[in-house]
Amino acid sequence: MNGHEDRTDQAEAPARQAPGAPAKADAPRPTPADVPAKAPAAEPPAGGPAETSADASAETDAKLAELEDRWLRSVAELDNVRKRIARDAERLRAEERDRVAAEWLPILDNLELALGHAAGQKGEAPAITEGVRAIRDQALAVLSRLGYARHDERDVPFDPVHHEAVATVERDDVAPGTVVEVVRPGYGDGQRQLRPAVVVVSKKAE
């Protein structure tokens, strides 16, 4: 029995502290101050998905507005160009029509002279005279349809827009400034006047 106790004491000897040895301190427990502070959660960066989407939408709307404005300006400019071309084309057609019609006036004048000469002659073939008159009348009708009316009115007040006076005569039977004779008829009106009528105008007798 003593032997058993000796073995027990020997087994337990390492667990007992040797006499005179310093006491072994227990390991210190960590305090709250020793625990590192947890980093705060990172905040989402400014301009998150919602704000980024709103910015993209605003930018798209601005670009669309700019494109629409440019498109409207282009349409307006194209319309102005189209109208200007149409006006220029109409002006050129009118000028060309005036030029061609004016070239026919000397022919009409010659027909008028031929009819006047035939009227003062005896024994001329009436058929030829009537044929010339028919040609003259047909030419006058064409000019009238084109907008160049004939003006050979007498006993009307002198109008410097439609008349060109080449002479004056003293007349007591009409008011001064009256057209008493048409030397050469005029054709057209306003801006489409081919030429004014050449006339003789009355004046007051002295």
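Of the 206 residues in the protein, 16% are buried, where buried means under 20% relative accessible area, exposed means over 50%, and partly exposed lies in between (1.4 Å probe, protein chains only). The structure is a predicted model, in which local features need pLDDT of at least 70 and side-chain atom pairs count only at pLDDT 80 or more, while totals for chains, interfaces and linings use all residues. Residues are numbered from 1 along each chain as its sequence is written, and side-chain values use heavy atoms, with hydrogens and water left out.

The protein contains three helices and five strands, taken as DSSP runs numbered from the N terminus (helices H or I, at least four residues; strands E, at least two), and these follow the pattern α-α-α-β-β-β-β-β along the sequence. Among contacts (heavy atoms within 4.5 Å) between residues at least 6 apart in sequence, 65% join residues at least 24 apart.

The strands include an open sheet of three, with the order S2-S5-S3 and mixed pairing, two strands being paired if DSSP finds at least two bridges between them. S2 and strand S3 (179–184) stand at the edges with a single partner strand each, so one side of each is left without a neighbour in the sheet. The twist averages 30° from one strand to the next, with axes fitted as lines to C-alpha atoms (for helices over the stretch in contact) and angles running from 0 to 180 degrees between N-to-C directions. S3 and strand S5 (residues 197–203) pair in the antiparallel sense over four bridges, and Arg184 stands opposite Val198 in S5. Arg184 is also touched, together with Arg195, by Asp109, not counting residues up to four places away in sequence; Asp109 lies in helix H2 and is buried, with a relative accessible area of 16%.

The model contains 15 salt bridges, each a side-chain nitrogen of Lys or Arg within 4 Å of a carboxyl oxygen of Asp or Glu. Arg136 forms one with Glu112, the closest N and O atoms being 3.1 Å apart, and this pair links Arg136 in helix H3 to Glu112 in helix H2, 24 residues apart. Arg136 is buried at 14% relative accessible area, whereas Glu112 is partly exposed at 22%. Glu112 also forms a salt bridge with Arg150, with closest N and O atoms 2.8 Å apart, and this second pair links strand S1 to helix H2 across 38 residues. Salt bridges that share partners join Glu112, Arg136, Asp137, Arg150 and Asp152 into one network. Within helix H2, Glu95 and Arg91 lie four residues apart, about one turn of the helix, and form a salt bridge with closest N and O atoms 3.2 Å apart.
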